[in-house]
Amino acid sequence: MRSQSLVAALSLESAALALHDQFPVNIVEETGVRPLDIVNLNAGNASPHSFSSNPEQWRFDEGPPENATGNLIFDTVNSFLQHWPNTRYRNGHHVVPGVMPIGTLLYHGTNRDTIPTEPDWIATDPEHSIIFTRERDGGSWHLTLAATRPLKVLYFDGNSAAGKVMNGTMNGTMDIQFIVAWGDSIPERTGDREVIKVLCTWGKEFGIDGFARMEMDFEVMLCDFRAGVEVVSFLHVVVPKVEHPYPHLPPPDSDIWIRTFEVMHSGSWHNRYPGDSRIVLDLTGLISLYDTTLAPSLVPVRAGLERCDHRVLGISSEDISRFMRKLTEVVSRQDPVGSGIDWKTLIHIIVDRYADRLELMQHLLNFTSSDSQALLQRAKLAQSQLRIMLTPYLLYSTVVPSPGTSGINASRWASPMFEHCATTHTSAMINQRSLMTSSERLLLKAIEDTTREICRITTKMWADGVMSGLDTLFPVTIDGEPEVTRLMGEWREGIEKLMSWLDWSVWIKCRPACGPEEMCYLPTWPVNAPQPNHLYPPPRNPRNINDAPEAKYLTDLVGPPPEGPAVADALFFLGTPAEDWRKPQPKCIRRLQPYRF
């Protein structure tokens, strides 16, 4: 039956193409009316499927505002609980409530044979916790817990545990935690032990069991080891004795190299979607400091900065108060709220739909040749891919203007496709809008902003290709040869700007791909955090509040390493140049000895 259906579908497609040959696409000079005008049939029905009555809303020359944040919210939400993107952009801007389901296993390593009686850290992977079972006088214990009820957690995005043992906390990874704990993004320098105590004291009123963060892998600051969890095992384990006094590197055959790699390896399991799925986020309670209505004071703070330099430092006291009121409202909810829309899946569907295709377009357009025919064939390939992207929105009623048309009419004919492309994922949601929380409306706006820009650029590129006579489905006869060199240059610029604006981490990968004994890796805290005595370039961040060379500014923040022996004994610190830390680039590292980071 399936093969018969496929044959029938192909036959219908052949018939449609034959019909297209008999009834070619109208141009302005033709007076005939297309037999099926879907848009016009719906025009009197205020249908969400009809073209907007205001075509000015779908102009191709109006891009997003310079300080738009919809793309940043879209990408960050798509990146929640994923190690790779949160290693690229370490300074978080979001807080999201969530739960850890019943039965979830959690792990804690220690050199004591007692279960913690006060707030402490648990890992979601044993490779992470085992590094804290440091051999000292036979004391290496590993605790495994299981959730006996859904654990209520609050998730801080970014590399939000990266600053916890640093000599300073001005790097931005813990800004939001400090706001929640102390009402300011830059309190006096303090250790992570104080942070966990204050956060757990604050969260107790709202029944919060812990706070989820990302270190080398994901962890939870668990407030009470007697509430909502039971002991699965508490084992006295054998681990090699630690013998490497900081700051010296361990010998090449030291087990510390293996343990260090394996915690990085376990973090990499959550590099991509869906990330660490043991933490289930409730996006109806998302709070974003990229929300310009919630935190308008951060708009001028971010102005002119690259995304890697964005942080919450500089937020006004008024915005902090507004943020805390919203957070209190979200964590105080007793009953489920919202529209029921699966925002996480919707955002991922959009990324799935466009990520590979835009990357392919970028590849096709990265082409130069002195052979005009080779260039023309490459342009036709690109035009075909653009049409593939827009196929669901290519209307039968389309009227292509005559060649040589200039001004606004040269592209307005494609506006219906632009609109249908931009709104296809969200137009039906108007019926749920009254049920949406403010967080959901923020997500909706972020999706609308993102899909609008994708469709604005790709539809304009496709329409330009049609007008240049490159499209076989919408044939246009032009005088002379198409200006392929100019067109390819414009397309290349458009795709580069679009992909830079979207800034999806799925495009950041090792090229060429790593071999079977290798792993693609981004410089990760704490191993690659900049260390003293490295030579770095002058400061690039105009808001370097220490007014010091970048080397000293960064090393003041991250070194010397840990206040306390835990991480210092468990790992080692190689450092990295400041610019490589600020903008980490992927590289292949060995999965087997000898290791290199």
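Reply: We begin with a definition: a residue is buried under 20% relative accessible area, exposed over 50%, and partly exposed in between (1.4 Å probe, protein chains only). The model is predicted, so local features need pLDDT of at least 70 and side-chain atom pairs count only at pLDDT 80 or more, while totals for chains, interfaces and linings use all residues. Residues are numbered from 1 along each chain as its sequence is written, and side-chain values use heavy atoms, with hydrogens and water left out.

Me: Is Cys-514 buried, partly exposed or exposed, and what is its relative accessible area?

Reply: Cys-514 has a relative accessible area of 24%, so it is partly exposed. Cys-588 is likewise partly exposed, at 30% relative accessibility. By contrast, Cys-308 is buried, with a relative accessible area of 17%. In the protein of 597 residues, buried residues make up 54%.

Me: What is the accessible surface of the protein?

Reply: Accessible areas come from the Shrake-Rupley method with a 1.4 Å probe; for residues, only the protein chains shown count as cover. Here the surface comes to about 27,000 Å², and carbon and sulfur atoms hold 54% of that area.

Me: How many disulfides does a search of the whole structure find?

Reply: A disulfide is a covalent bond between the sulfur atoms of two cysteines. In practice, a pair of cysteine sulfur atoms within 2.5 Å is taken as one. The search finds four disulfides. With the bonded cysteines numbered in sequence order, the pairing reads 1-2, 3-4, 5-7, 6-8.

Me: Why is α14 described as largely enclosed?

Reply: Nine of the nine residues of α14 are buried, so the rest of the structure largely encloses this helix. Among the buried residues of α14 are Met-417, Phe-418, His-420 and Cys-421.

Me: Where do Cys-510 and Cys-520 lie?

Reply: These two cysteines form a disulfide with sulfur atoms 2.0 Å apart. Cys-510 lies in the loop between α16 (484-502) and β13 (518-521), and Cys-520 lies in strand β13, so the pair joins parts ten residues apart in sequence. At 95 degrees about the S-S bond, this link is right-handed. Cys-510 counts as buried at 10% relative accessibility, whereas Cys-520 is partly exposed at 21%.

Me: How far apart in the chain are Cys-514 and Cys-588?

Reply: A disulfide joins Cys-514 to Cys-588, with an S to S distance of 2.1 Å. It links distant parts of the chain, 74 residues apart: Cys-514 is in the loop between α16 and β13, and Cys-588 is in strand β14 (residues 587-590). The angle about the S-S bond of Cys-514 and Cys-588 is -95 degrees, and the link is left-handed.

Me: With which strands does β2 pair?

Reply: Two strands pair if DSSP finds at least two bridges between them. Strand β6 (residues 151-156) pairs with β2 in the antiparallel sense over six bridges, and Gly-98 stands opposite Val-153 in β6. Strand β10 (residues 280-281) also runs antiparallel to β2, joined by two bridges; there, the bridge partner of Gly-98 is Leu-281. Strand β11 (residues 287-288) is antiparallel to β2 over two bridges, with Val-95 opposite Ile-287. Six of the seven residues of β2 (residues 94-100) are buried, so the strand is largely enclosed by the rest of the structure.

Me: How many helices and strands does the protein have?

Reply: The protein has 19 helices and 14 strands.

Notes: Helices (H or I, at least four residues) and strands (E, at least two) are DSSP runs, numbered from the N terminus.
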